[in-house]
Amino acid sequence: MTSRRLYDGTGPGPITPDGCSVDYYTTLAPRGEPELIHAAIPAGASILELGAGVGRITHRLLELGHEVVAVDESPEMLAHIRGAETVCSPIQTLALPRTFDLVLLMSFVIETADDDLRTAFLRTCGAHVSADGCVILQRQPPEWYDTVEPFEREAGPGHTVSMTRVSRPAPDVLDATMEYAIGERRWTQTFVSQRLDDDRLEHELNQVGLTISGFLNDDRGWVRATPL
């Protein structure tokens, strides 16, 4: 899709291969995501959380009564998770000997501009969801790609989140840099992402035996998929 490096990150502390700061993520709290997910699945459903990070969502899902297996390729991220089974592995090569009621892939990971990598992510989802289970994916609403521009907002006392650079190097592709600041500490994350509208996402899901079965919210940013 692009010859540009897809991810980069800077700042104090460990930085993961996709440019995320471990130290920054430890400062973040859930913003209603666990409750949204919990409402969309059966009580006590087993969850495979792909790209779990430091457990920002994991810990609340555990409190809501779910068994969670948390997967991340960063051991520094996983070291912060308590109460869940953890697996240190890239998403694209994960091969567990069981399936789950829910496979969860958040944080817009699915919008990687690497087509082969995205297919591998979806293949992992399809391989680990039970026949009567579901996959929940988080993407940006497709219209976001046309409207997003640089911004800065306050995220708490002494905490700012900014998009400092936006370019559109190809149709449906966004190249952007985020900056996060807490006091004197600053981190950046650069990413290249691919718009996934409903038709494209449905086609790619079909290739791994899944289909869109609904959305968790009105802007269609949270997608529910089920086995064909």
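**Entry 1**

I took helices (H or I, at least four residues) and strands (E, at least two) as DSSP runs, numbered from the N terminus. Two strands count as paired if DSSP finds at least two bridges between them. The model is predicted: local features need pLDDT of at least 70, side-chain atom pairs count only at pLDDT 80 or more, and totals for chains, interfaces and linings use all residues. Residues are numbered from 1 along each chain as its sequence is written, and side-chain values use heavy atoms, with hydrogens and water left out.

I then followed the pairing of β8 (residues 159-170) with β9: the two run antiparallel and are joined by nine bridges. Ala 170 stands opposite Val 173 in β9. The hairpin of β8 and β9 has two residues between the strands, and Asp 172 there takes a positive phi near 70 degrees.

On the next pairing, I noted 10 bridges between β9 and β10, which are also antiparallel. Glu 179 has Thr 188 of β10 as its bridge partner. These two strands form a hairpin with two residues between them, where Gly 183 in the turn has a positive phi of about 60 degrees.

I use buried for under 20% relative accessible area, exposed for over 50%, and partly exposed for values in between (1.4 Å probe, protein chains only).

**Entry 2: the open sheet**

I recorded five strands in an open sheet, in the order β1-β10-β9-β8-β7, with antiparallel pairing. Its edge strands are β1 (7-10) and β7 (151-156), each of which pairs on one side only. From one strand to the next, the twist averages 15 degrees; axes are lines fitted to C-alpha atoms, for helices over the stretch in contact, and angles run from 0 to 180 degrees between N-to-C directions.

I also looked up Thr 160, which is found in strand β8. At 16% relative accessibility, Thr 160 counts as buried. Leaving aside neighbours within four places in sequence, Thr 160 has contacts (heavy atoms within 4.5 Å) that include Glu 152, Ala 155, Glu 179 and Tyr 180.

**Entry 3: strands β6, β11 and β12**

I found β6 and β12 joined by four bridges in the antiparallel sense. The bridge partner of Ile 136 in β12 is Arg 224. Strands β11 and β12 pair antiparallel over five bridges, and Gly 214 stands opposite Arg 224 in β12. Six residues lie between the strands in the hairpin of β11 and β12, where Arg 220 takes a positive phi near 65 degrees.

**Entry 4: helix α5**

I checked the length of α5 (residues 115-128). The expected span of a helix is 1.5 Å times one less than its number of residues. The 14 residues of α5 should therefore span 20 Å, and the end C-alpha atoms are 20 Å apart, which agrees.

The buried residues of the helix are Arg 118, Ala 120, Phe 121, Leu 122, Thr 124, Cys 125 and His 128. What covers them includes β2 (47-50), β5 (100-105), β6 (129-138), β10 (185-194), α7 (198-206) and β11 (210-215).

**Entry 5: nonpolar cores**

A nonpolar core is a set of buried Ala, Val, Leu, Ile, Met, Phe, Trp, Tyr and Cys residues joined through side-chain atoms within 4.5 Å. Which residues touch the most other members of the largest nonpolar core? Among its 26 residues, they are Leu 50, Leu 105 and Leu 137. Elements that give two or more residues to this core include β2, β5, α5 and β12 (222-227).

Not counting residues up to four places away in sequence, Leu 50 touches Val 71, Ile 91, Leu 105, Thr 124 and Cys 125, among others. I noted a second, separate core of 19 residues, which includes Ala 45, Ala 70, Leu 102 and Leu 216.

**Entry 6: Thr 16**

Lastly, I located Thr 16 in the loop between β1 and α1 (22-25). Is Thr 16 buried or exposed? Thr 16 is buried, with a relative accessible area of 9%. Its contacts, leaving aside neighbours within four places in sequence, are Val 22, Ser 74 and Met 77.
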